[in-house]
Structures are given as structure tokens and as C-alpha cells.
Amino acid sequence: MNREERKILGLTTSSHSLVHMYEGVLPPLIPLLVGEFSTDYFHLGIVVTVFSYAFGLGSLPAGYLSDRVGPRRLITLYLFGAGFLSVCILPVGSLWTYGILMGLIGLFCSPFHPASNTLISHGIREKGKAFGINGIAGSLGIAIVPALSAWIGSAIVWKAPHVLFGLLGIGIGFFSMTIPRWPVKKGSVGVGKESEAGLSKISYLNLIVFFTSAAALGLTYKGIMTFLPTYMGQNVHLSFFKLDTVAIGGTIATIALLSGAAGQYVAGRLVDRYKPEKLYLGAVVFGTIFVFLMAKGLNIFLVVSAIFYSFFYFSTQPIQNYLLTQYLPEHRQGIGFGIHFFLTFGVGSTAAAVCGYLADHFGLQSVFYAMGLCFILSSCLALVLVLRSKSA
């Protein structure tokens, strides 16, 4: 990679880790927030849903705007907006105010995924490798935030992780302004004869199947990630961990989720070399198996199952990004990524409240059975993509 490509990747990776810290800061704090606001899993699940729906809903216009005003500008807007609002959580004293601020933070975070993927697609030549590295950074953010949020929240106050992540966002925002808003000349991604020719090759059936599969996985992501730290705290009892349930749940969740970075790396390396549809099917099928094992697991067995689940689930992400670059011409990829992340984070966000209801009435174990059914649906749709790729 040349110097400009490295700067682009530096911005997207740091911003990617941070966006998942904003997203994941609340779930490890759930046991603290239940007491702080005298509430239950369902209402905290609604707050997660509000954040995630705004996170996903804003992806639609963000995908369109990435193709029009430049993806880097949108990343800068996300960093400054989400950073400032996170600091504003410091004086919050009610669940309603907290929920509103979390929704606004989610809205400012929403441009990141379509904008960053468009920036990588247009500005970096080795797309599969770059998507893999960027995905690793996101997985590390997802993995680190349960322990970081739980430890800081337990040791200081539940608001402290929000403020810390907000200050990080503002700092990265200033770095983002050193990168041009267009990684290539704007006219080079316009609609020309080659681009118009690409439009005729779009398979809309493939896109429908792909997006439905991605939406099903989005449900599993939000449902599992919202309650994984609490589930771990209740079901992992190891004598060498002398911590309260909040800290142990966040720490064990972090240990399990770290394997997601390895999954992103392996998938990013393989997707440039092998049939992406087959890689996608394999990852989703193995992910399905380990979600059901998590529902039955305790202690070490649960931790090991979660490690393998994390590896296979997060390996789907660079594959999905790569598939979109194959299914869409370059000048339509921004809106394609926007639709993708709207479905993943927007539609997927409904799982947080639904799973909160299931957890309140049937126990946390029921969350993993329900999410396993969504995995089965995604597996069936991934198989359709494989069959269609063979007939193409």
C-alpha cells in the first residue's frame, strides 16, 4: 500500500474500532443500569434498539451521500458528532434522557460503515485484504468494549466509558481532516459507458437473497451482543476469576469475542482467492452450530463455544462486503453498503427489545435459541447464493 492508502486504512480502522465501542458500551453496564434507573432488561433493550435503529436507519442516506459528497466528510461528521454527544452523557440523570442521547449518538454513527467501505472500495487497490484488516479493527473494538466498559463502569461510574470514548472520537475526528474527501478524482466514479454496462449485469434476485440473509444475521448480532456479557456473568463460574458479575461477564465476553478478529483476518485473506459464496455459506453454517451450543453451555464449554461462534460470525463480514463489490458496479456501491448496514443494524436492532422480552419471561438462554433460528434462515439463503453462483 502507498502512503495515501495507509492513511485511509488508518482512519477507517481506528474509526471502526471506536464505532463498535459506542455501540457496545451499554450492554456490559446493564446490571448497573438496572439498579441506577430502577428498570428491567426489556426497557434497557429498548434503549439498545433505539441506538441501533438510528445507527442502521442513517445508513440509507449515508450510502447515497457517500457517492455524492465524499465518504471522508461523513466519517468526520460521525467522529465529531458522536464524540460530543457521548461527553454530554455526563450530567444525565434519567433513563429517558439517556435513551434520547443514545439514539442521537447512533444517528451520528450511522454514516460510518457505508462511508468507510466506500472509501476503501474507491481508494485501496487490494480490497479483500483491506476489508479484512478493517474488519479486524471492528472486531477488536467489539471484543475490547465489554471488558473495558465493565471495568471502568464498575471502578468509577457507569458514565465514565461514554465520556472516554467521546474524547477519543473527537481526537480521531481531527486526524480525519488530514485526508482528502475523495480518495480518487470525483469524475472517475461517475456514470459512464462502463458503469452503465455494469448496471445491466446486476442480479436483483442475488441482491434480495443476499440482503435478506444479512438482515437475519443482523438480528443475531444485536440479540446476542446485547445480552452476552450478562449471560456470561450468570453462567461462567471459574475459581481463578475473583470479580463481581459485571466485571466477569464483560471480561469473559471480551476473551470470547477476540477470536472474531482472527475470523475477519482469515476471511479477508481467503475471499480474494476462493469463491466468496462458498466461504459465506461455510461461515454461517458453523456459526449456527455454535450458537445452539452456547444455549446449552456452562463454564469452559460456554466460553469455548462462544470463541468459535465469534470466529465464524465475524468472518462473514469481510465476505459480505466483498460480495457487494461483486454484485454492484462501483458507482452504486455506496448506496449498496447503505442498504446493507440499514438492514444489519436497523432491522437487526429489533432483536434487542425482542430478546429483552424473551430474557425477562423465559430466561437468557431463550435468546440464543431464538437467534439460532435466525442463523438457520441465513444459512438457507446463503445456500441459494452458492447454487446461483454455480449456474451463472
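A helix axis here is a line fitted to C-alpha atoms over the stretch in contact, and the angle between two axes is taken between their N-to-C directions. Keep in mind that this is a predicted model.

**Stop 1: two helices**

Select helix H4 (residues 59-66) and helix H7 (residues 112-123). Their axes come within 8 Å and cross at roughly 25°. Angles under 35 degrees count as roughly parallel, and H4 and H7 are therefore roughly parallel to each other. Their crossing is right-handed.

Now show the side chains where the helices touch. On H4, pick Ser59, Ala62, Gly63 and Ser66; on H7, the residues they meet are Pro114, Ala115 and Thr118. This contact has three nonpolar, four polar and no charged residues.

**Stop 2: the largest cavity**

The structure holds two cavities of 30 Å³ or more. To find the largest, with a volume of about 190 Å³, select His113, Gln317, Gln320, Asn321 and Phe341, which lie nearest its centre among 20 lining residues. H7 from the previous stop is one of the elements that give two or more residues to this lining. Which helix gives the most? H15 does, with five residues. The lining divides into seven nonpolar, 13 polar and no charged residues.

**Stop 3: the second largest cavity**

This cavity has a volume of about 110 Å³. Select Glu23, Gly24, Pro27, Tyr221 and Met225, the closest to its centre of the 14 residues that line it. H1, H8 and H11 each give two or more residues to the lining, and H11 gives the most, with five. By class, this lining has nine nonpolar, three polar and two charged residues.

Notes:
Residues numbered from 1 in each chain as written. Predicted model: local features only at pLDDT ≥ 70, side-chain atom pairs only at ≥ 80, totals over all residues. Heavy atoms only, no water. Axes fitted to C-alpha atoms, helices over the stretch in contact; angles between N-to-C directions. Helix = DSSP H or I, 4+ residues; strand = E, 2+ residues; numbered from the N terminus. Parallel < 35°, antiparallel > 145°, perpendicular 65-115°, else oblique. Left-handed = near helix turned anticlockwise from the far one by under 90°. Contact = heavy atoms within 4.5 Å. Nonpolar A, V, L, I, M, F, W, Y, C, P; charged D, E, K, R; others polar. 1 Å grid on protein atoms, 1.4 Å probe; cavity = no way out; pocket = protein on both sides within 12 Å on 5 of 7 lines; lining within 4 Å. Points joined across faces, edges and corners; volume = space filled by probe spheres on them.
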